Amino acid sequence: MWVGLGAAGLIVLALLGWWALRPTGAVAGERHLPDEGSAHVDPGTPIVYRNNPPASGTHYPIVASWGVHEEQVPEGQWVHNLEHGGVVLLYKCPEGNCSERVKQLQDLYNATPKSKWNNVKLVVAPYEKMEPEFMAVAWDVQLPLETFDQQAILNFYRRHVDRGPEDVP
């Protein structure tokens, strides 16, 4: 009888330990959003997204070039990059002065590891229609950042690169 109770107690402790240490899939600060689909529309077609910035949804059939952009990239274009398993880092410029920020972001891009396709699948572009200074976006996921945090951005990239609905370079 004591052996049975001891074994039951060990099982209960093991289950409690597993419950406390189980992986939840959630990462602090990340927002997981409902999928808005992946339909293609002609370039220039107005698109309305439920989330700002979008993390999925209707988009143009062309991707933005990977790399750091100093000019805004149409949402409908970089959402296609997300569909291809890319990550987009959006940024705002303080008082319109982007030169230092762009240098910082170029250094980040240069430090970003290559995807399984042997390329850096990261689009970095200005985006003024958001509250935080930075937002990392992958398919159905956002990570808002009030300040530049290279490690958090690289970690987000590693977790989400090559995980879009289309497995292509």
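Is C93 buried or exposed? C93 is buried, as its relative accessible area is 12%; "buried" here means under 20% relative accessible area, "exposed" means over 50%, and "partly exposed" is in between, using a 1.4 Å probe and protein chains only.

## Before we start

This is a predicted model, so to speak of a local feature takes a pLDDT of at least 70, side-chain atom pairs count only at pLDDT 80 or more, and totals for chains, interfaces and linings use all residues. Residues are numbered from 1 along each chain as its sequence is written, and side-chain values use heavy atoms, with hydrogens and water left out.

## The disulfide

Search the whole structure and you find one disulfide, a term that stands for a pair of cysteine sulfur atoms within 2.5 Å. A disulfide is a covalent bond between the sulfur atoms of two cysteines. Here the partners are C93 and C98, with an S to S distance of 1.4 Å.

The link of C93 and C98 is right-handed, with 85 degrees about the S-S bond. Like C93, which is buried, C98 is buried, at a relative accessible area of 16%.

## Two nonpolar cores

Now for the inside. A nonpolar core is a set of buried Ala, Val, Leu, Ile, Met, Phe, Trp, Tyr and Cys residues joined through side-chain atoms within 4.5 Å. The largest one has 24 residues, and L89, Y91, L105, L122 and F156 have the most contacts inside it. At least two residues of this core come from each of β3 (87-91), α3 (99-111), β4 (122-126), β5 (134-138), β6 (141-145) and α4 (150-160). The helix α4 gives the most, five residues. Helices (H or I, at least four residues) and strands (E, at least two) are DSSP runs, numbered from the N terminus.

What does F156 touch, leaving out residues up to four places away in sequence? Its partners are E30, V87, A136, V137, A138, V141, Q142 and L143, where contact means heavy atoms within 4.5 Å. Apart from this core lies another, of 17 residues, with V79, A125, Y127 and M130 among them.

## Strands around β6

Four of the five residues of β6 are buried, so that strand is mostly covered. β6 runs antiparallel to β1, and two bridges join them; strands pair if DSSP finds at least two bridges between them. H32 has V141 in β6 as its bridge partner.

β5 also pairs with β6 in the antiparallel sense, over five bridges. In that pairing, A136 stands opposite L143 of β6. The hairpin of β5 and β6 has two residues between the strands, and D140 takes a positive phi near 70 degrees there.

## S56 meets D140

D140 turns up again in the surroundings of S56. You'll find S56 in the loop between β1 (31-32) and β2 (67-68), and S56 counts as buried because its relative accessibility is 1%. The side chains of S56 and D140 are joined by a polar contact of 3.0 Å. Such a contact is a pair of N or O atoms within 3.5 Å; within protein, one must be able to donate a hydrogen and the other to accept it, and residues adjacent in sequence count only if both atoms are side-chain atoms.

The S56 side chain also reaches the backbone nitrogen of E36, at 2.8 Å. Beyond four places in sequence, S56 touches P34, D35, E36, G37, Y49, V79, W139 and D140.

## Out at R163

Finally, R163 sits in the segment after α4. R163 counts as exposed because its relative accessibility is 60%.
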